[in-house]
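Reader: Please show the model and then discuss how its parts meet.

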Amino acid sequence: MLSIEDNNLLTHVGPGTPMGEYLRRYWVPTLLSEEVPEPDCPPVRVTILGESLIAFRDTNGVVGLLDNYCPHRRASLFFGRNEECGLRCVYHGWKFDAAGNCVDMPSEPAESNFKDKVKIVAYPTQEAGGVVWAYMGPSDHVPQMPDLGWASCPDENRFLTKCVQECNWLQALEGGIDSSHISFLHSSLKPVDYTLTVSNTETQGTALQDKSPRFVLDETDYGLTIGARRTTPDGRYYWRITPWMLPYGMIVPAEEDAVMTGNMYVPADDNTAMVFRASWHPSRPLTVAERTEYETSGYFHEAVMPVTYRAYANKSNDYLIDRAKQRTVSYSGIKGIQAQDMAVIEGMGTISDRSKEHLGTSDSAIIGARRRLLREVADFQEGIEPYAPQHGELYRIRSAALEAPQDIPLREVAAGSMVL
Ligand code: FES
Ligand SMILES: [Fe+2]
């Protein structure tokens with residue numbers, strides 16, 4: 001459990017809040033590059049860290065990220081005209097470039113220099129891995145880009161989606177690092193239906209047999225190494241190792257040659273998260289079968305509606321739960337790993353009241369992540385700058401799933417298996 005005060009501290013992300021300011025020290029994933037596919041294409045709305053913004057790709061291909069509200073009379077720039085290296089407000093024609101300068105003010109006399117005095121809030125962006133990242137912090141603390149495997153690999157090695165979730169970012173993240181729920185929420189009553197098909201089913205089988213793994217944590221500069229340990233029939237340990245990467249990244253455990261899935265649970269506002277999900281292979285293009293599976297099955301990547309990026313199976317239709325199948329086919333009766341996760345995560349309410357939880361030993365990763373975040377924010381409030389945003393190389397790691405002799409500690413197992 002968490003005090004109401006700490007719960008508020010971790011979940012409130014708007015400008016001026018302790019967590020909001022801490023998160024503004026990192027590059028933030030804001031939208032998919034494909035949402036602004038070409039120069040001078042239509043602008044799109046983006047809400048990030050509680051701020052209403054408009055993204056547009058200018059004539060030179062640069063993605064601008066501006067305040068939604070025109071500084072003249074506050075019209076929304078969503079309706080703007082994207083033309084000749086700037087976004088023009090349709091109300092009175094003021095035009096802004098990607099850096100936030102007002103470059104034209106046709107409603108004022110030609111001799112006026114008023115436009116030189118007006119700026120709009122604009123955040124620097126860069127693109128990596130099919131994602132537009134923004135930096136929303138002070139200009140004297142620009143961080144390094146995290147050197148994530150899925151962001152730096154060739155495009156053909158990656159399948160990327162975005163899904164909006166109706167809950168706070170921390171709730172979505174905690175769902176991602178809650179490794180013990182796979183034995184329940186994602187389990188099947190039959191061997192073939194609703195199980196993993198692309199990744200290793202043998203692994204899944206081992207994981208399902210022992211429903212109460214021991215959790216071992218290792219604090220690192222990037223966040224936490226989370227080891228879930230099960231004893232195999234021949235007396236070794238089977239480890240599933242999840243890196244939680246500050247502040248909101250993680251990679252699902254995967255065996256050495258398997259396709260991995262990495263998630264980022266980004267705060268849109270206090271009540272909404274955006275999940276950027278990348279399935280990728282570090283050293284080869286995805287096969288047609290893998291790509292087709294991700295595009296069509298809904299198991300690993302939820303099917304989302306155009307424009308809104310909300311899942312078809314969602315809160316308003318109870319995630320299409322099938323009670324008959326829940327009796328005979330699957331534990332949850334909900335189809336697809338992501339829909340199953342969303343049902344339980346969103347079902348907690350948009351900001352879960354963590355003061356009413358009862359956490360056990362299998363929740364140690366969640367407890368560890370909260371403690372770390374509270375410490376990071378407390379240090380930050382004391383004036384200590386966070387370490388991870390200035391060290392992009394920390395993020396060049398992978399998850400792991402492997403057997404090892406019992407006498408090898410997690411740190412050593414991780415050192416040998418999490419190198420990308
Ligand atoms: S409100 Fe935008 S130009 Fe007037
Ligand atoms: Fe899950």
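**Domain interface**

Author: The chain is divided into domain 1 (27-141) and domain 2 (149-417), with bounds that come from an automatic or database domain assignment. This is a predicted model, in which local features need pLDDT of at least 70 and side-chain atom pairs count only at pLDDT 80 or more, while totals for chains, interfaces and linings use all residues. Residues are numbered from 1 along each chain as its sequence is written, and side-chain values use heavy atoms, with hydrogens and water left out.

Reader: How many residues does domain 2 give to the contact?

Author: The centres of domain 1 and domain 2, taken over C-alpha atoms, are separated by 34 Å. In the contact (heavy atoms within 4.5 Å), domain 1 takes part with 19 residues and domain 2 with 16 residues.

Reader: Which residues form the salt bridge?

Author: A salt bridge requires a side-chain nitrogen of Lys or Arg within 4 Å of a carboxyl oxygen of Asp or Glu. The rule finds one across the interface of domain 1 and domain 2. At 3.1 Å, N to O, the side chains that meet are those of E35 and K162.

Reader: Which strand supplies the largest share of the side of domain 1 that touches domain 2?

Author: Strands here are DSSP runs (E, at least two residues), numbered from the N terminus. On the side of domain 1 that touches domain 2, at least two residues each come from β2 (44-48), β10 (131-135) and β1 (27-32). The largest share, six residues, is supplied by β1.

Note on methods:
Chains lettered and ligands numbered in written order. Helix = DSSP H or I, 4+ residues; strand = E, 2+ residues; numbered from the N terminus.
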